[in-house]
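I opened my notebook to look up how this chain is built. I wanted its elements, its core and its surface.

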Amino acid sequence: GAGGPRLAELLALGRRLWDELEASTEPSSGAPVVQDKVRQGLDALQRAAAMVTQLELFSENEELEEVASADLKFMLLPALLGALTLKQVDLSRRREHLENAREHFLRFLKLCRNYGLGSFQLPPGTSGEEENGSPAGPRDPGQPNLVAMAMSRTAKIERYKQKKELENKLASMSSSVESGTADEDQIREFYILQIQKWISTSLEEIESIDQELVILKSRDAARLAPAGPRGPSRPAKALVKPFILTRDAAQARVFGAGYPGLPTMTVDDWYEQRRKQGIVSTPQRIPGLGDPGSPPCPSPPAGASDEEMQKQQQQTEEEEDDEEALRKARDWDDWKDTHPRGYGNRHNMG
C-alpha cells in the first residue's frame, strides 16, 4: 500500500482505539482513561489524514477500480475522525466539536460520492449541493414538507436494514481478512462494505449533529439576548380580596351575617380603600347613590406631559366603566326586587 507501513500503522492505531472505546463499559465518557484514548486516536488519525493528503492518494477524476485494494481502507479516515471528535466531552467547546465532526463526515460522504460508493442524498443545506437535484424553490417554512418527511422516514428504515446486513457480512468476513487468508477480491469487498457501513453512520450522525446545533444556537441566542423589560417595569397590581359590595351599613350587617367567609363593605368604604391604594384620585360618589349628575372629570395638573394626560384620561375612562357597570348591576337588582322570577314569560302558557 501507498505510504509504507507508517500510514497503515497510524490508521490501525486509530481504529483499534475507536473499537476499544465502542466496546468500553466505562460508565463515564469523561473518565480520564476514555478521554486519553480519544486524544490518542484523534492524534493518530489526524497524522494519517495529513499523509493521505500529501500522497494525493485519492483524486476527483479517478474511478473506484483504479484505487488499490490496500488503499481503500484509508477512505475511512475522515469518518473515523468525525466519530472520535464527537467523543470529546468539553462542554464549553461542544459547538466547535459538533461543527468539526460535521465537516469530517461531510468530507467522507463527498469522497464516497465521488467514487460512486453508495446511493445517498447529501444532507440538506450542504454547500454547493442541490437537494434531490430539484430547484430549491421558496417553500412556506411553517408548512412541514410531508412528502420529504415520509421519504426520509422510509430511507431511514431502509438504511437501518442495510446497515444490519452489512454488519452481519462484515462479522463473517473479518476473521479471514485479519488472519491473511482472504484473497484480494475478498479484501476489496470487505473494505467497500466497511465504507458503506460508515456512510450510514455518517448520515445518521450529521442528522443528530444538526438537531443538537439548533438547540445550542437557540440557547446561545437566548443567553446573549438583552435582558429587556423583564424587570419590574410597572408596579404589580394589588391583589383584591373578594368581598360583597353593599349599598350602606345596614345592608352590610345583613349580608355579613349570612356570608361569614366574605368581608363586606359599603360603597363609600370601598372608594376610601381604593383611594388609599392610590387607584382612585378623589372619593367620588356614584350617580344614583346620593349625588345627582355624573362626577366631574379630574383636570390634569398644569404642565402635565401628553403621557400623563393620557394616563389621567385612561384612568377616568376606567372609573366611568366601573361606575357604569355598578349602575347597571344596581338597576337590575332594583328590577328584580319588584318583579318576581318568571315575570314576562307567562303570556305563552296555552
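My entries follow, from the whole chain down to single residues.

**Overall.** I am working with a predicted model. I counted 10 helices and two strands in the chain. From the N terminus, I read the order of elements as α-α-α-α-α-α-α-β-α-β-α-α. The chain has 350 residues, and 30% of them count as buried. I took contacts between residues at least 6 apart in sequence; 62% of these join residues at least 24 apart. The accessible surface comes to about 23,600 Å². Carbon and sulfur atoms hold 53% of that surface.

**Core.** I looked up the largest nonpolar core and found 57 residues in it. Phe58, Met75, Phe108, Leu117, Ile195 and Ile199 have the most contacts inside this core. Among the elements that give two or more residues to it are helix H1 (4-23), helix H2 (32-55) and helix H7 (184-224). H7 supplies the largest share, 12 residues.

I then checked Ile199, leaving aside its neighbours within four places in sequence. Ile199 touches Phe108, Leu109, Cys112, Leu117, Gly118 and Phe120. There is also a second, separate core of five residues. Met265, Trp270, Tyr271 and Leu326 are among its members.

**Surface.** Which residues form a nonpolar patch on the surface? I found Trp332, Trp335 and Tyr343, with about 380 Å² of accessible area together. I placed Trp332 in helix H10 (residues 306-338). Is Trp332 buried or partly exposed? Its relative accessible area is 49%, so I noted Trp332 as partly exposed.

How values were computed
Residues are numbered from 1 along each chain as its sequence is written. This is a predicted model: local features need pLDDT of at least 70, side-chain atom pairs count only at pLDDT 80 or more; totals for chains, interfaces and linings use all residues. Side-chain values use heavy atoms; hydrogens and water are left out. Patches are made of residues with over 30% relative accessible area and no salt bridge: like charges are joined within 9 Å, nonpolar side chains (Val, Leu, Ile, Met, Phe, Trp, Tyr) within 5 Å. Accessible areas come from the Shrake-Rupley method with a 1.4 Å probe; for residues, only the protein chains shown count as cover. A salt bridge is a side-chain nitrogen of Lys or Arg within 4 Å of a carboxyl oxygen of Asp or Glu. Helices (H or I, at least four residues) and strands (E, at least two) are DSSP runs, numbered from the N terminus. Buried means under 20% relative accessible area, exposed over 50%, partly exposed in between (1.4 Å probe, protein chains only). A nonpolar core is a set of buried Ala, Val, Leu, Ile, Met, Phe, Trp, Tyr and Cys residues joined through side-chain atoms within 4.5 Å. Contact means heavy atoms within 4.5 Å.
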